[in-house]
Structures are given as C-alpha cells and as structure tokens.
Amino acid sequence: MSAQRACGLSELEQDTALRVEIDGVPMAVVLDGDGEVHAIGDTCTHGSISLSEGFVEGDTLECWAHGSAFSLRTGVPHNLPAYEPVPVYVVTIDGDDVLIDPTVTKEV
C-alpha cells in the first residue's frame, strides 16, 4: 500500500489532535509547536479511549480519560496507567496534503 491523504495541513490546529481514519486504521494527527506533523495510533493502550480527544503538550498526547501521555515521536507512554506504546506512522507533506501509509510504522 502507499501513502494516502489523511487531511490537509491547513486543517490542523497547532497543538491540537485531529482524528483521521485510513483504511479502517484510526490515527491522531498533530501539528506540534515546532511545526512538525505527527501521526500516532488513536486508541489508548490502557483503556481503548480515543487519544485525539486528549491534550497535546510539547511532544506528547495525553489520554483525557486516564492521564497517560504518549510520545508523538515514539508512541511510548511516559506515565501509567498505560505501559504499551501506540504505533507511530510515517508522515509525508506534499503541498497542503498530509500523507500517511497505515501499513508503515516508524522504527523506534
């Protein structure tokens, strides 16, 4: 499979997660304060909660329900109750298009 359009760069608000789904794979897409776009799995590994409804702070996305903060770069949670990482996807920007391949995750 190849990268597909997830959203437009212009649709992203800085430090706010946007939920997208590509081929049935839910992802949280984030434009961080440094202008970098990240895509991580949208489901908290602790309680099956949508991470895109959470809070972006620095390079983390915090689950609104249980407080685990996941690294946008590695998917690793920084604190309990989650201890399993979420997948992190490769993001490509082409003009205004944010492209993601849901079958390719970053090696971290």
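1. A salt bridge is taken here as a side-chain nitrogen of Lys or Arg lying within 4 Å of a carboxyl oxygen of Asp or Glu. The model under review is predicted, and the structure holds six such salt bridges. Side chains of opposite charge can pair when their charged atoms come close.

2. Arg5 takes part in a network of salt bridges with Glu11 and Asp97. The contact between the side chains of Arg5 and Asp97 has an N to O distance of 2.7 Å. Because Arg5 belongs to strand 1 (residues 4-8) and Asp97 to strand 9 (residues 97-105), this pair ties together parts that are 92 residues apart in sequence. The side chains of Arg5 and Glu11 meet at 3.4 Å, N to O.

3. Arg19 is partly exposed at 43% relative accessibility, and Glu21 is partly exposed at 48%.

4. The model also contains an open sheet of three strands in the order 5-6-7, paired in the antiparallel sense. Strand 5 (55-57) and strand 7 (69-71) each have a single partner strand and stand at the edges, so one side of each is left without a neighbour in the sheet. From one strand to the next, the twist averages 30°.

5. Within this sheet, strand 6 (residues 60-62) pairs with strand 7 over three bridges. Leu61 stands opposite Phe70 of strand 7.

How values were computed. Residues numbered from 1 in each chain as written. Predicted model: local features only at pLDDT ≥ 70, side-chain atom pairs only at ≥ 80, totals over all residues. Heavy atoms only, no water. Pairing = 2+ DSSP bridges. Helix = DSSP H or I, 4+ residues; strand = E, 2+ residues; numbered from the N terminus. Axes fitted to C-alpha atoms, helices over the stretch in contact; angles between N-to-C directions. Buried < 20%, exposed > 50% of the residue type's maximum accessible area, 1.4 Å probe, protein only.
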